[in-house]
Amino acid sequence: MREYKFRGKCIDPGEMNGKFIYGDLIRSKDKFFIKPFSNAVNVEGHLGLMVVMHEVDPETVGQYTGQGDFYAGDIAKSPRGSIGIIAWHDSWCGFYFKTMFGHNDEGKLVRMHSSIPLYNDLPNYIKLGNRWDNSDLLEVEKV
């Protein structure tokens, strides 16, 4: 059984704003929150524990793949050198590698689109970043 973990970019004001928060996903109406693991604190003068949650940008929420340090939305490089995004495929019920750049017949890296189921292959991939902080990795001019 795999772990269900999520991450998302914090939109709370303060020092955590813009940083990724990792933990349990909680949805309340149209807002998304992440409760970091093991963050319950005992507050003097209160009965019980206080649980801290951070509001996150719904567009940046990604689920843990269960392999390595990969979450949906990460940009990775395949063992054959293709560059793409880790994503969830509803009809396959699993994570896949959405190839953005692959090699043409001459061996040059060119923009392309394909979908490759990942199964247990993620440990063979190299994490390059994520699509929110490193979108420049998916620009044609940068390849």
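Asp69 and Lys127 form a salt bridge (a side-chain nitrogen of Lys or Arg within 4 Å of a carboxyl oxygen of Asp or Glu), with their closest N and O atoms 3.4 Å apart. This pair links distant parts of the chain, 58 residues apart: Asp69 lies in the loop between β7 (62-63) and β8 (74-77), and Lys127 in strand β12 (residues 126-130). Helices (H or I, at least four residues) and strands (E, at least two) are DSSP runs, numbered from the N terminus. The model is a predicted one, in which local features need pLDDT of at least 70 and side-chain atom pairs count only at pLDDT 80 or more, whereas totals for chains, interfaces and linings use all residues. Residues are numbered from 1 along each chain as its sequence is written, and side-chain values use heavy atoms, with hydrogens and water left out.

Asp69 is partly exposed because its relative accessibility is 48%, and Lys127 is likewise partly exposed, at 32%. Here buried means under 20% relative accessible area, exposed over 50%, and partly exposed in between (1.4 Å probe, protein chains only). The side chain of Lys127 also meets that of Asp74 in a salt bridge, at 3.4 Å from N to O. Lys127 belongs to strand β12 and Asp74 to strand β8, so this pair ties together parts 53 residues apart in sequence. Asp74 counts as buried, because its relative accessibility is 0%. Arg7, Asp69, Asp74 and Lys127 are linked in a network of salt bridges.

The structure holds five salt bridges. One of them joins the side chains of Asp24 and Lys35, at 3.7 Å from N to O. The two residues are 11 apart and link distant parts of the chain, Asp24 being in strand β2 (residues 20-28) and Lys35 in strand β3 (residues 31-36). Asp24 is partly exposed, with a relative accessible area of 28%; Lys35 is partly exposed as well, with 21%.

The protein chain contains zero helices and 12 strands. Of its 143 residues, 36% are buried. Contacts are defined by heavy atoms within 4.5 Å. Among contacts between residues at least 6 apart in sequence, 44% join residues at least 24 apart.

When residues up to four places away in sequence are not counted, Phe97 touches Ala76, Ser78, Ser82, Ile83, Gly84, Ile85, Ile86, Ser114, Ser115, Ile116, Leu118 and Tyr125.

Accessible areas come from the Shrake-Rupley method with a 1.4 Å probe; for residues, only the protein chains shown count as cover. Ile26, Val51 and Met53 make a nonpolar surface patch of about 230 Å². Patches are made of residues with over 30% relative accessible area and no salt bridge, like charges being joined within 9 Å and nonpolar side chains (Val, Leu, Ile, Met, Phe, Trp, Tyr) within 5 Å. Met53 sits in the loop between β5 (49-50) and β6 (54-56), and its relative accessibility of 39% makes Met53 partly exposed.
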